[in-house]
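Q: I have a structure open and would like to go through it piece by piece. Can you help me read it?

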Amino acid sequence: MLRRIVTGVTILVLFASVLVLPTAADGISLEQETEYGLVEELHFASSGVYSSLTCHNVEKSRESSASEGLSWCLLRFGDRDSYVYSTRYLQNTYEDCPYVVIRYSSNAPVRMTWVGTFTGETYSVELPTQTETVTLMIQMQRHMGWNGKIETLGFAAVQDETVVSLQWLKVYTENPYELYGETTGVLFPEYSLSPQTKPVPEPET
């Protein structure tokens, strides 16, 4: 009798885990990440990524929640000309990994920017306002800026006094939508060249 109870409870736990897994990014296994071709993963509060962020009229800080076991990078943009960039990341991207997933929140729209290695131009995708932390997938196939290894990942304000919380960013070769579930938003940016030239690294002297 006891064995039957234990078996029944085990089945219920396994069934519940299957139901939760597609909508819980924290429950994604290494095997699943590999299956969908994870190429690069950035945690913005980690020492390497956080220290690589160069700010122009932006205050940055590392925040965490011990109860939830989460950490993030908080960016406070002074005005619409403010920006932040990293000359170190991304490191491993190439043209066959057009699926970008980012975990963030913001009180206003913000541009995710990068420099195309082949063109030297700055490209961008506008991330919508998200007052609650969300997972957003960007399908980059039709964006002319995603045409090879990219560099100088950054973020630029669209409005004054923009506040953005960045948890992590991942890049995949295969569409990972099933890993994150129906709560994940999806962007389909068209071919577009950002008219701005920021953020770009200042020349070394």
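Q: How do E7 and E10 pair, and over how many bridges?
A: This is a predicted model. In the model, E7 and E10 pair in the antiparallel sense, over 6 bridges.

Q: Which residue in E10 is the bridge partner of Gly116?
A: Ile150 is the partner of Gly116.

Q: What sheet do the strands form, and in which order?
A: The sheet is open and has 5 strands, in the order E2-E5-E10-E7-E8. The pairing is antiparallel.

Q: Which are the edge strands?
A: Strand E2 (53-56) and strand E8 (122-127) are the edges, and each of them pairs on one side only.

Q: And how many degrees is the average twist from one strand to the next?
A: The twist averages 20°.

Q: Back to E8. How many bridges does it have with E7?
A: Strand E7, residues 110-116, pairs with E8 over 6 bridges, in the antiparallel sense. In that region, Val115 stands opposite Thr122 of E8.

Q: What about E5 and E10, how many bridges join them?
A: Strand E5, residues 83-86, is joined to E10 by 4 bridges, and the two run antiparallel. Tyr85 stands opposite Gly154 in E10.

Q: How many residues of E10 are buried?
A: Of the 8 residues in strand E10 (150-157), 7 are buried, so the strand is mostly covered.

Q: Take Thr152, then. Where is its place, and is it buried or exposed?
A: Thr152 is in strand E10. It counts as buried because its relative accessibility is 5%, and the cut-off for buried is under 20%.

Q: What is phi of Thr152?
A: Phi of Thr152 is near 55°, which is a positive value in a residue other than glycine.

Q: Which phi value does Asn57 have?
A: Asn57 also is not a glycine, and its phi is positive, about 60°. Asn57 lies in the loop between E2 and strand E3 (58-65). With a relative accessible area of 43%, Asn57 is partly exposed.

Q: New topic: Ser82. Where is its place?
A: Ser82 is in the loop between strand E4 (70-77) and E5.

Q: Why does Ser82 count as buried?
A: Ser82 counts as buried because its relative accessible area is 1%, and buried means under 20%.

Q: What does the side chain of Ser82 reach?
A: The side chain reaches the backbone nitrogen of Asp79 at 2.9 Å. A polar atom of the Ser82 side chain also lies 3.1 Å from the backbone oxygen of Asn57.

Q: Which residues does Ser82 touch, not counting those up to four places away in sequence?
A: Ser82 touches His56, Asn57, Val58, Phe77, Ala156 and Ala157.

Q: Now a helix. Where is the place of Gly48?
A: Gly48 is in helix H3, residues 47-52. Gly48 is partly exposed, with a relative accessible area of 26%.

Q: Leaving aside neighbours within four places in sequence, what is Gly48 in contact with?
A: The contacts of Gly48 are Arg88 and Tyr89. Gly48 and Arg88 are 40 residues apart in sequence, and their C-alpha atoms are 9.1 Å apart in space.

Q: You mentioned Tyr89. Is the peptide bond from Tyr89 to Leu90 cis or trans?
A: That bond is cis, with omega near 5°. Leu90 lies in the loop between E5 and strand E6 (99-106).

Note on methods: Residues are numbered from 1 along each chain as its sequence is written. This is a predicted model: local features need pLDDT of at least 70, side-chain atom pairs count only at pLDDT 80 or more; totals for chains, interfaces and linings use all residues. Side-chain values use heavy atoms; hydrogens and water are left out. Two strands pair if DSSP finds at least two bridges between them. Axes are lines fitted to C-alpha atoms, for helices over the stretch in contact, and angles run from 0 to 180 degrees between N-to-C directions. Buried means under 20% relative accessible area, exposed over 50%, partly exposed in between (1.4 Å probe, protein chains only). Contact means heavy atoms within 4.5 Å. A polar contact is a pair of N or O atoms within 3.5 Å; within protein, one must be able to donate a hydrogen and the other to accept it, and residues adjacent in sequence count only if both atoms are side-chain atoms.
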